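Here is a short briefing for a first look at this protein. Keep the sequence and the 3D view side by side as you read.

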Amino acid sequence: TSYVRYNLGVALVRSGDLARGTKLLDEVGKLPATSEEYRSLRDKANVALGFASLQEGRSEPARAYLERVRLSGMYSNKALLGFGWAAAAQGQMKSALVPWSELATRDPHDAAVLEAKLAVPYAFADLGANAQALELYQDAIGVFDRENANLDQSVAAIRSGKLLDGLMASNPGEEMGWFWSISELPEAQDLPLGGHL
């Protein structure tokens with residue numbers, strides 16, 4: 001199946017057999033996808049190929065793999081980040097700014113978005129736009145400070161038991177057996193501490 005090929009491809013790449021692992025992942029990355037599940041798997045394979053290529057210092061194939069990833073899928077943030085790094089590795093900082101700038105406008109709860117918040121001013125500094133770079137670095141510091149405060153509030157909610165209370169209130173169920181699952185996280189404002197989860 002496609003999942004087996006994906007998992008074997010990743011295992012081969014991690015074990016150092018880049019040629020065989022790339023071949024399997026490339027097959028998955030080119031599969032026609034008839035459902036969201038398989039489109040996501042295809043995106044995931046292309047992101048894996050892109051980052052494996054970046055780690056090997058092969059930025060041109062990395063860009064080609066990452067271009068296959070949908071802009072609205074669950075792996076789009078990682079693909080945009082990697083595409084920018086591939087362009088930067090080729091000395092095309094203006095090209096790197098395009099995906100990074102898009103990514104920097106997205107939800108800062110994603111690690112790729114936070115990295116883009118630093119990559120954009122890095123690119124501006126490299127291009128000699130120091131005033132703009134400084135302003136964006138200061139903006140990034142503010143975003144990182146807010147995310148750090150949100151993490152502190154979440155940790156406090158977990159330690160105090162408020163997170164569990166919020167989960168139970170958001171996911172009521174008479175059956176609390178092994179098949180009970182969490183269908184939604186409580187909203188931040190529903191927690192007494194107001195933290196983000």
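The protein exposes about 11,500 Å², and carbon and sulfur atoms supply 55% of that area. The model is a predicted one. Its secondary structure consists of 9 helices and 0 strands. Of its 197 residues, 39% count as buried.

**Overall layout**

- Read from the N terminus, the elements run α-α-α-α-α-α-α-α-α.
- Take the contacts between residues at least 6 apart in sequence: 44% of them join residues at least 24 apart.

**The nonpolar cores**

- The largest nonpolar core has 18 residues. Those with the most contacts inside it are M93, A96, W100, L103 and V120.
- Helix 5, helix 6 (93-104) and helix 7 (111-126) each supply at least two residues of this core.
- Helix 7 gives the most to this core, with 7 residues.
- As a general background, nonpolar side chains in soluble globular proteins tend to be buried together.

**Helix 6 and M93**

- Helix 6 has 12 residues. From first C-alpha to last it reaches 16 Å, close to the 16 Å expected at 1.5 Å a residue.
- Its buried residues are M93, A96, L97, P99, W100, L103 and A104.
- These buried residues of helix 6 pack against helix 5 and helix 7.
- What does M93 touch, not counting residues up to four places away in sequence? The list is A88, W100, Y122, A123, D126 and L127.

**N77 in helix 5**

- N77 is found in helix 5, which covers residues 76-89.
- Is N77 buried or exposed? N77 counts as buried because its relative accessibility is 13%, and the cut-off for buried is under 20%.
- The side chains of N77 and D110 are joined by a polar contact of 3.0 Å.
- Leaving aside neighbours within four places in sequence, N77 is in contact with L103, R106, D110, A112 and V113. One of these, L103, is also among the residues with the most contacts inside the largest nonpolar core.

**D43 in helix 3**

- D43 has its place in helix 3, residues 36-55.
- With a relative accessible area of 0%, D43 is buried.
- Which residues does D43 contact, leaving aside neighbours within four places in sequence? They are R68, V69, R70, G73 and Y75.
- D43 and R70 are 27 residues apart along the chain. Their C-alpha atoms are separated by 6.9 Å.

**Helix 8**

- Helix 8 runs over residues 130-160 and has 31 residues.
- At 1.5 Å a residue, helix 8 should span 45 Å. The C-alpha atoms at its ends are 45 Å apart, so the two values agree.
- The buried residues of helix 8 are A133, A140, V143, E147, N150, S154 and A157.
- After helix 8 comes G161, whose phi is positive, near 90°.

Methods: Residues numbered from 1 in each chain as written. Predicted model: local features only at pLDDT ≥ 70, side-chain atom pairs only at ≥ 80, totals over all residues. Heavy atoms only, no water. Helix = DSSP H or I, 4+ residues; strand = E, 2+ residues; numbered from the N terminus. Buried < 20%, exposed > 50% of the residue type's maximum accessible area, 1.4 Å probe, protein only. Polar contact = N/O pair within 3.5 Å; in protein donor to acceptor, adjacent residues only side chain to side chain. Contact = heavy atoms within 4.5 Å. Areas by Shrake-Rupley, 256 points an atom, 1.4 Å probe, with all protein chains shown as cover. Core = buried A, V, L, I, M, F, W, Y, C linked by side-chain atoms within 4.5 Å. Expected span 1.5 Å × (residues − 1).
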